[in-house]
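Colleague: I would like to learn how to read the features of a model like this one. Please give the general idea each time, then the case at hand.

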Amino acid sequence: MSHSNALNRLNRLPVFRFHRTTLLVVSFAYFFEFADINSFATTAPKLINLWGVTVNQVAYVTSLSFVGMFFGSVIASGIADRWGRKKALTMTTVFFGVFSFISVFSWDIVSLGVFRVLTSAGLSAMTVVAVIYVNEIYPAAVRGKYQAYAIVIGICGTPVTNLIASVVVPLSDWSWRLVYLWGAVGLLFVFFARGLKESPRWLESRGRHAEADAILTELEAGATAEKGPLPEPAPPVDEEPVAKATLRLLLRKKYLAPTLLLTVVWVTQTIGFFGYSSWAPTLLAKEGFSVEKSVFYVALTTVGAPLGSFLASLVTDRFERKWCLVAFGTVIAVCGLLYGLTFDPILIVVFGFLVNLFERGYTALGYAYSPEVFDDRSRSLGTGVSYGLGRLSNAAGPLIIAALYNSSGYQSVFYFIAGTWLFGAVALAVFGPRTRAARLAREEKPQVAA
C-alpha cells in the first residue's frame, strides 16, 4: 500500500509555461494526424487515372483503414499502460510518420493500401494516447479547454494538406507522392517530445512513487517561480498499484456500462461525421451540381471546423460536458437534416458550416469526456476500445450509405445521418454519467487543505 497524491498536486497547479509547451507539442501531433488522415482521399483521383485504380479498390482501402484504426486504438491502450503515456505518444506518432514516409515509395494500389492501413492504425493510436495524456497532465479545471485548444490548432492540418495536395498532385505523374512525404513531417515530433513529462498519475498507478514525486516537485517549482506560492494539496490517499488491465476487465459491471455508452458515442460520431464529410461532395455532384461547385461548397463549410473546437473550449469546463455533448449532437442532427433537404447553394453552405462547426466541437468535448468516465485502472483500455470500435464501425458505414442512396435516394442518406447523431445524443442524455461535480470537488480540495 502506497500514498498517492499526484491528482491533488496537479489540480492545484496554475497554468504555466509547462502547460503551454505541452499544448504546442500535443497540437503538433494532432496537426499531422488531421493532415495525414485525408491523404489517400486527396491522391486517389490521380491514382485512378495513373494506375487504373477502380472506385471499388478505393472503397476497400478506405474501409480497411478504419479496421486498422480499430486495432491501433486497442493496441495503443496497452502500450500506454505498459510503457507510459509519454513514450506511447512518441511511439505512435513515429509509427504513423514512418508508414506515411514509406507510402511515398508505393508501387501499386495493394502496396499503398497496406501502408495506408498501417498509417491509419498509428493515427488512431496516437489520438487515444494524446486524449489520455491531456486528461492526466492538466488540472481538472482546465483540461477540457486545453484539449479543445489542441484540436483548434491540430485541425488546421486538414485544410493545409488539402491546399498542398491541390497544388502538388497535378504537377506530374509522381508528384502525388509529395502528399505522403508531407504527412511524414510528423516524425519531427521526437525532437519536440523532449519537453513533455511522463504522467505522474500513471507513474503512481504503477507504484513508481519516487519518479512521480520527482516530476511533481519539478512542476511545482516551475509553477512557483512563474506564478508565486502554491496552496497545499489535499492529503494523500492509500492506493494499491494498478494491475495490468485486460479486455476481461471491461466486462465487469463497473466498467461495462461506460464502455458501452462511449462505444455508442464514438460509433455514432464516426458514422455521422464521415458519412457527411466523405459523401457530401459526391452526392451533390450526383444531384446535378458540377464537381467544381460541389467541392467548392463543401470546402466553404469546413471553415466552421476550427471555430467549433474553439466554441468547445469556451463551454467544456464551464458546464456539464454530458449536456454539452447532447446539445451539440442534437444541433448537428438538425442542421445535417436541413442540409439534405435543401438544394439552395447558400443554405447548403450555411447548414454545412454549422454541421462542421458543431461536429468539431463535439469531438473536442468527447475527447475530454471519454477518459473522465473511467478510473486509473481502466482509463487507457476503456478509452482505446470504445474509440477503436467507433472507428471500426465506419468499415460498414460507407456500404450502408451507398445502399440507402441507391435504394431510397439522396435525402434518405441525410435522414440516416441525422438519426445517427440523434441516437447518440439520446443515449448520452439517458445513460451518460455527469463528471463536472467530481472535477469541481477535486479542484476545491486543495483550497480546503490550504
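Modeller: This is a predicted model. Start with salt bridges, where a Lys or Arg nitrogen lies within 4 Å of an Asp or Glu carboxyl oxygen. Glu-218 and Lys-197 form such a bridge, with the closest N and O atoms 2.7 Å apart. Glu-218 belongs to helix H12, while Lys-197 is in the loop between helix H10 (189-192) and helix H11 (200-205), so the bridge ties together parts 21 residues apart in sequence. Glu-218 is partly exposed, at 45% relative accessible area.

Colleague: How many salt bridges does the count come to?

Modeller: The count comes to 14 salt bridges. One of them joins the side chains of Asp-213 and Arg-9, at 2.8 Å from N to O. Because Asp-213 sits in helix H12 (residues 209-227) and Arg-9 in helix H1 (residues 6-11), this pair ties together parts 204 residues apart in sequence.

Colleague: Which is Arg-9, buried or exposed?

Modeller: The cut-off for buried is under 20% relative accessible area. Arg-9 has 14%, so Arg-9 counts as buried. Asp-213, at 36%, is partly exposed. Arg-9 also meets Glu-220 in a salt bridge, again with an N to O distance of 2.8 Å. That pair links helix H1 and helix H12 across 211 residues. Both Arg-9 and Glu-220 are buried.

Colleague: Which residues are linked with Arg-9 in a network of salt bridges?

Modeller: The network links Arg-9 with Arg-12, Asp-213 and Glu-220.

Colleague: Next, aromatic pairs. How is the geometry read?

Modeller: Ring centres must lie within 6.5 Å, and planes over 60 degrees apart count as edge-to-face. By this rule there are 22 aromatic pairs. In one, the rings of Phe-70 and Phe-71 have centres 5.1 Å apart and planes at 70 degrees, so the pair is edge-to-face. Phe-70 is buried at 17% relative accessible area, whereas Phe-71 is partly exposed at 47%. Trp-107 and Phe-115 are also edge-to-face, with 6.2 Å between centres and 75 degrees between planes. Here Trp-107 is exposed at 60% and Phe-115 is buried at 13%.

Colleague: Which residues form one aromatic cluster?

Modeller: Phe-28, Phe-31, Phe-32, Trp-182 and Phe-192 form one. A ring can also have a charged side chain over its face: Arg-360 lies over Phe-273, at 4.4 Å from the ring centre.

Colleague: What does Ser-309 touch, leaving out residues up to four places away in sequence?

Modeller: Ser-309 touches Ala-148, Ile-151, Val-152, Arg-360 and Gly-361. Ser-309 is in helix H15 (residues 304-315) and is buried, with a relative accessible area of 0%. Its contact Ile-151 is in helix H7 (residues 143-154) and is buried at 0%. The C-alpha atoms of Ile-151 and Thr-363 are 8.8 Å apart, though 212 residues separate the two along the chain.

Colleague: Last, the surface. Which residues make a nonpolar patch?

Modeller: Phe-101, Phe-105, Trp-174, Leu-178 and Leu-181 make a nonpolar surface patch of about 500 Å². Phe-105 is in the loop between helix H5 (85-103) and helix H6 (109-137). The cut-off for exposed is over 50% relative accessible area, and Phe-105 is exposed at 52%.

Methods: Residues numbered from 1 in each chain as written. Predicted model: local features only at pLDDT ≥ 70, side-chain atom pairs only at ≥ 80, totals over all residues. Heavy atoms only, no water. Patch = residues over 30% accessible without salt bridge, like charges linked within 9 Å, V, L, I, M, F, W, Y side chains within 5 Å. Areas by Shrake-Rupley, 256 points an atom, 1.4 Å probe, with all protein chains shown as cover. Helix = DSSP H or I, 4+ residues; strand = E, 2+ residues; numbered from the N terminus. Buried < 20%, exposed > 50% of the residue type's maximum accessible area, 1.4 Å probe, protein only. Contact = heavy atoms within 4.5 Å. Phe/Tyr/Trp six-rings, centres within 6.5 Å; stacked < 30°, edge-to-face > 60°. Lys NZ or Arg CZ within 6 Å of the ring centre and 35° of its normal.
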